[in-house]
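Hi everyone, thanks for coming. Let me put the model up and then walk you through it.

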Amino acid sequence: MTELLEIENLTVRFPVRRKGGGFGAKTYLTAVDNVDFTVKKGETLAIVGESGSGKTTAALAIARLVSGETTGEVRLEGKDILPLAQEDLKAMRRKVQVIFQDPYSSLNPRQRAEDIVREPLDSLTDKTVNEKRGIVDDLFKAVGLRPEQKRLFPHQFSGGQRQRIGIARALSTRPEVIICDEPVSALDVAVQAQILNLLRRLQADFGLTYLFISHDLGVVQHMCDSIAVMYMGKIVEYADRISLFSNPSHPYTEALLSAVPTVDARRRAETKRILIPGDPPDPLNLPKGCRFASRCPIAEARCSQSEPALKPVRDGQLVACHLRDGL
Amino acid sequence: MEPLLKVENLRIELSTRAGVAPVIDDLSFELGHNESISFVGESGCGKSMTALAIMGLLPEGIGKVASGKIIFDGEDLTKASEARLRDLRGNDISMIFQEPMTSLNPVYTVGEQIAEVLREHQNLSKVAAHNAAIELLDAVRIPNPKGRVNDYPFQMSGGQRQRVMIAIALACKPKILIADEPTTALDVTVQAQIFDLLRDLRDQTGTSIIMITHDMGAVAEMAERMIVMYAGRKAEEGKVQQIIEHARHPYTKGLISCVPHIMADPAFEREELLEIPGIVPGLAEFGQDRCLFAARCNMVTDKCLGARPPEVSFDTGQNAACWRAEEV
């Protein structure tokens, strides 16, 4: 399979004013720090992590949707899109679309559903009015909305239906990649299943590639082929689904997986909960060594000396830990 | 032994522009001493309303107890005066809310907010209450409690704020702690810390816990019994493990299997998730004499549309309000 997306040394930093600093004293918060990953065509890569880990920033940087200073390379079908000027982004935006987390705030309340879905076609393509009408009608059908709902406003839909509108909008330009930023976390549990099933059906029907941002590991296990675990801006583990869930190898991944409450009695009995104490470090004042060392249950002296690199521990599994370098 | 809390045929009506709707419709349940139960269901099914009714905090002028009893320690709270309820709240029954960001007062230090409860209910002096606040922060595992007691909420992380909320709720050693989605706004590793803390505190103090959640995994972990609510009515009640193994109401079954849970064996074939089609009905449909879940149910028959299903009891101690409970 070809690599549709290749991310190399992606770094995103935001200028912030240092507390107590003098006039013009500026420092940078590095939200995403030297991240590498690839996404194959037709596959789903998950980026998981907790609030502040940089997972959303990394994904939005790939869509050229962050205001921070972005460096590195983001190659879409072999072509780096980071150097492109704003006006040259149209072709890339047709190929990369986003489904946002909050279906309440990501739809313009003053636009009708059909206008919301049609908007990317208006701004990114030269299609005729009739072509666009046909595409919008097909999309409504594809995401499970009724044709008579086209003229309604967002407030007349339920949360799940609004997310369907957001999905139809993302599909309108026939993108290669869809970035799904926590697409179900704002929805009620029963509605989540409807949307997750829809996303999988659409992936099969349209041959879509997903970059899936989530903090819900159950959803990730269900949806994704490979997973990158982020902590404080770094990827700490990167593996295919089965390796990650059957053999988590970074202590943070282990803690994260063990923390998920489950109804599976066998899993509950077999999993020893690993509690990680305290809070993540201050992102403006990162420790010198491993960023997880202060909370890590197995940290040793060398962990606070030097930062571990992402290295293979076994086939299909990379881990950034001094104490877990298996190969 | 008499249960600590006994709710009998509770009916709560909410007045809306469209008319009066029963947000809680004939709900009965019990909570034992040192027991942990969970209310489960989607938004708009009456879980939080039940909690607010027990606290005597129904939205004034809009919601009221129309009939039924809430008997706490032998006393019917639906008949209690406002002064008596104020005396109970935060003292014998306390509550922690979903949003630790907005439930603390931003202009008081966390120490002052913990001390306030103790001064109000236990007449402690300013100094004694301050010292007790430090001890409570220590009990909820805030590092360096002596220093942090003077922090304002904005100086703390989400998990720490929720710990402060727990410290406030537990300050007077309540008999019942109601936790309304206590970890929904928190990261999963922080959730694990909070659950661990709640379990330990319960072991030490014997407090009974009512947890409201939509996460079956959290229920499996925290509660002994669960009550599944749908559209203001009890759909199913029983021991957590038994319900997870064999739910007797199609709604419960749907709630359990519509969520992708992490499985012990990740190599399993990933099938489509079981969907519960549609959404919870609006208030206008509440209270009708039929099964309110019928429109979303894959086992629906004419009977379901004709009359409200009775509660069917099973030997396992489960009961389910479904005409076809025996076949589920």
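First, a term: pLDDT is the predictor's confidence in each residue, running from 0 to 100. What we have here is a predicted model, where local features need a pLDDT of at least 70 and side-chain atom pairs count only at 80 or more, while totals for chains, interfaces and linings use all residues. Residues are numbered from 1 along each chain as its sequence is written, and chains are lettered from A, ligands numbered from 1, in the order in which they are written.

Chain B averages a pLDDT of 93, and 100% of its residues score at least 70. For the complex, the predictor gives an ipTM of 0.86 and a pTM of 0.90.

Now chain A. Its secondary structure comes to 10 helices and 12 strands; these are DSSP runs, H or I of at least four residues for helices, E of at least two for strands, numbered from the N terminus. The C-alpha trace spans about 65 × 55 × 40 Å along its principal axes. Of the 327 residues in chain A, 46% are buried, meaning that 20 or more other C-beta atoms, placed from the backbone, lie within 10 Å of the residue's own.

So how do the chains meet? The contact takes 39 residues from chain A and 39 from chain B, with two residues in contact if their C-beta atoms, placed from the backbone, lie within 7 Å. On the chain A side, the largest share, eight residues, comes from helix 6 of chain A.

Let's stay with that helix. Helix 6 of chain A has 18 residues and reaches 26 Å from its first C-alpha to its last, close to the 26 Å expected at 1.5 Å a residue; that expected span is 1.5 Å times one less than the number of residues. Its buried residues include A:Val189, A:Ile195 and A:Leu199. What covers them includes helix 5, strand 7 and helix 7 of chain A, together with helix 10 of chain B. After helix 6 of chain A comes A:Gly207, with a positive phi near 60°.

Over in chain B, look at helix 1, residues 47–55. Seven of its nine residues are buried, so helix 1 of chain B is largely enclosed by the rest of the structure. Among them are B:Met49, B:Ala53 and B:Ile54. Just after this helix, B:Gly56 takes a positive phi of about 70°.

One last stop: A:Ile179. Leaving aside neighbours within four places in sequence, A:Ile179 is in contact with A:Ala59, A:Ile62, A:Ala63, A:Val96, A:Val98 and A:Leu211.

Note on methods:
Buried ≥ 20, exposed ≤ 12 C-beta atoms within 10 Å, placed from the backbone.
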